[in-house]
Amino acid sequence: MSGTPGPRQHRSHGGHHDRSSPLDRPAAGGSGGTGHTGQPGPAGPAESADPSRRSGRAGRSRRRSARRGARLTLLGAASAALVFPLLPGPQATAGQPGGGTLENRFTEAAERYDVPREVLMGVAYLQSRWDTHEGAPSVSGGYGPMHLTDARTALNRSAGHHHPDGDDDARGDTRRPAQRTASAGRPADGKRAGGSEPLPARLRTLERAAGLTGLPRERLRDSAEANILGGAALLADAQRRLGHRPSADPADWYDAVAAYPGGGRKAEATAFADDVFDVLREGARRTTDTGETVTLPARPGLTAADSGARGRAARGPECPRTVDCEWLPSPYEKYKNEQGEEDYGNHDRTRRPGSQRIDHIVIHDTEETWEKSLRLVQDPEYVSWNYTLRASDGHIAQHVRAKDTAWHAGNWYINSTSVGLEHEGFLADPDAWYTEAMYRSSARLVRYLADRYDIPLDRQHVLGHDNVPGTTPSAVKGMHTDPGPYWDWDHYFRLLGKPFVPHGGPRSKLVTIRPDYATNRPPYTGCETKGEPCRPHGSGAVRLHSAPDASSPLVKDIGLRPDGSPSTTDVNDVGARASTGQQYAVAGRKGDWTAVWYLGQKAWFRNPRSVPAAVPARGTVAEPRPGAQEIPVYGRAYPEKSAYPKGVPAQELTPLPYTVRAGQRYVVGGTTHGAYLYASGFDPDASGFRVVRGKQRYYQIQLGHRVAFVKAEDVRLVNVR
């Protein structure tokens, strides 16, 4: 790369990227007048409290009181530095309500059930960030600001999946038979997750809230006032069950808060409770999805009473210390398949990053309950992933070590270079929302993995499953579309300490997609019934048209529709969608519209200066080499045939159905040499696998909604601003 403009090699990102994050607490003795960026903190309360600056937390085996004392010292010094990057929601203006009805509802519920108002508000913030979501359930069947769970009702109203049932191959290694996810637990007949099996208490908290309050379940689902009353009743009930007296002091409610996500019986969600008390100490303020500005004043001197019941299991999982995490291994064993042949599962033993570097983190949702997901990942005949995250409290279970290769992404090259995170999301309806507790826990884990394996924190390395390319033309249609257009990438990357900020002027030749999540509500169909409109919902995605006109057809995706028909507004159709954080080369501008190069064509999206859907960017683009009219693109970066040694079958490098034509440009995310992981069979000692490395060099590009690869000799790199 010497002398050539372009991206650094993947390995060179470490040390060149600012790794500061709102997930880090200030070091002891640091300045209390600046935030983690070194800039003055905001004068007023931030939109959210710091999600996990707990570097002083040395393990739950230490006494909580000692740890809280140390943390309080740091918090006191940093009370003026309330996490400026954590401002993902719209900020209050003079025309917006402040101290309105939602705050009154919290006050009334707190008084009725003798729960401190700030505790009630802190719990609600960690569940919903005080949003009502217009009565729509979360991905785990929780409703309203308090996330009262009624999973059975939510499941009965649910429809569809993020992928064609039984038609996907999570392993994605075309050398081996497809590893169908329907073969060992997930039904191929369209039956809903959960079925008729009993649901745990954490998925039935609305039922208990109804019993405690006497309010109808429908009101608890649909009315914010009733929902908050139900949450207050559950907290008071948890306090009583745990043997604690009612108290006006928030410090006495730590155990009840830790018990809240699980149904109120055991104070197990300690990381969740730590987050709630961080919010209480630092304060929070944001404008909710109803347009109301809600403020929780800071209590910087707040400490929580120690509880001997809290502890942490012996360290085993590869997790940051600031999350609740357990080691629940996936099996690695032989079995007889349906044909009576010997096979093995459910992952491959390797020696990463020594054998092959880890370049990607893939964000999934489970499409099953936490409980069923854990059963599936422990089935040797099923597929695997590295981590599962629970929606109610952000609890994490690790199943496959990062050194080994899990079968999760549907693309063997991506599998061999990635770690997969499954987020509990058994509601298949993509308009369901994700809890703040899970966002924060996930962000901590991603940050930890990025630091440990030198993974750049950008949208070409932190991928949604819906950004992973198909390996061959025939695989394109079967690729998954989770986590979908309602995953809040802007908020997620702010939690990671890598907000999508402008670089360059208004006429920049690159843009980063960044609509305002709350107000950006493109119409989608198919959430509940095919072809029927979805309920309006904030989204991090923008719709792409074939002309600068909202009535023009959407752009085409010939991989999804070889007949050349336009893309649709179906919520699982990614053929005309650009997502927050993705970067594209500008292909034109006209009035309020901006065009970008996308899947080999100009794609227009509305981008008025008054309400921009993108911000200027700078970076490196790839364009066809001089003299080339068009070049192929690939779904995997495999070596040339001559690189394969004897005994390892050479893999066909099949182009995808897309091409890049002369004059088009695509943003480059990194460069790599071709590599193929050859896992020849059951190999418990990780001594028989091989990684075939070639001389062929590739650039990863943002081709459409999914990434892709181009050969280095086919393109020219240009640095643009």
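Between which two strands does the loop with glutamine 664 lie? Glutamine 664 is in the loop between strand 24 (659-661) and strand 25 (666-678). The model described here is predicted.

**Glutamine 664**

- Glutamine 664 has a relative accessibility of 4%, and because buried means under 20%, this residue counts as buried.
- Not counting residues up to four places away in sequence, glutamine 664 touches Trp597, Gly600, Gln601, Ala622, Glu623, Pro624 and Thr659.
- Leucine 599 is 65 residues away from glutamine 664 in sequence, and the C-alpha atoms of the two are 10.0 Å apart in space.
- The side chain of glutamine 664 makes a polar contact of 3.1 Å with the side chain of tyrosine 666.

**Nonpolar cores**

- The largest nonpolar core contains 51 residues. Phe106, Leu120, Trp130, Met146, Leu235 and Val257 have the most contacts inside it.
- Two or more residues of this core come from each of helix 2 (101-113), helix 3 (117-128), helix 5 (205-213), helix 7 (224-241), helix 8 (254-259), helix 9 (270-282) and strand 4.
- Helix 7 gives the most to this core, with eight residues.
- Another core, of 47 residues, lies apart from this one, and Tyr584, Ala595, Ala613 and Val715 are among its members.
- Tryptophan 130 touches a list of residues that includes Leu102, Phe106, Met121, Ala124 and Tyr125, not counting residues up to four places away in sequence. The list also includes Ala284, Arg285, Arg286, Val294 and Leu296.

**Helix 3**

- Helix 3 has twelve residues, and the distance from its first C-alpha to its last is 16 Å, close to the 16 Å expected at 1.5 Å a residue.
- Ten of the twelve residues are buried, so helix 3 is largely enclosed by the rest of the structure.
- The buried residues of helix 3 are Val119, Leu120, Met121, Gly122, Val123, Ala124, Tyr125, Leu126, Gln127 and Ser128.

- Strand 3 (residues 284-287) and strand 4 (residues 293-296) run antiparallel and are joined by four bridges.
- In this pairing, arginine 285 of strand 3 is opposite threonine 295 in strand 4.
- Five residues lie between the two strands of the hairpin. In the turn, glycine 291 has a positive phi of about 85°.

- Strands pair through backbone hydrogen bonds, in either a parallel or an antiparallel sense.
- The open sheet has six strands in the order 5-11-10-13-9-14, with mixed pairing.
- Strand 5 (325-327) and strand 14 (462-464) are at the edges; each has a single partner strand, so one side of each has no neighbour in the sheet.
- From one strand to the next, the twist averages 25°.
- Three bridges join strand 9 (residues 360-365) to strand 14, and these two strands pair in the parallel sense. Valine 362 stands opposite leucine 463 in strand 14.
- Helix 10 (residues 370-377) lies across strand 5, strand 10 (387-389) and strand 11 (396-398), and runs at about 170° to strand 10.
- Helix 12 (residues 436-453) also packs on the sheet, where it touches strand 9, strand 10, strand 11, strand 13 (418-423) and strand 14. The direction of helix 12 makes about 170° with that of strand 13.

Key
Residues numbered from 1 in each chain as written. Predicted model: local features only at pLDDT ≥ 70, side-chain atom pairs only at ≥ 80, totals over all residues. Heavy atoms only, no water. Pairing = 2+ DSSP bridges. Buried < 20%, exposed > 50% of the residue type's maximum accessible area, 1.4 Å probe, protein only. Contact = heavy atoms within 4.5 Å. Polar contact = N/O pair within 3.5 Å; in protein donor to acceptor, adjacent residues only side chain to side chain. Core = buried A, V, L, I, M, F, W, Y, C linked by side-chain atoms within 4.5 Å. Axes fitted to C-alpha atoms, helices over the stretch in contact; angles between N-to-C directions. Expected span 1.5 Å × (residues − 1).
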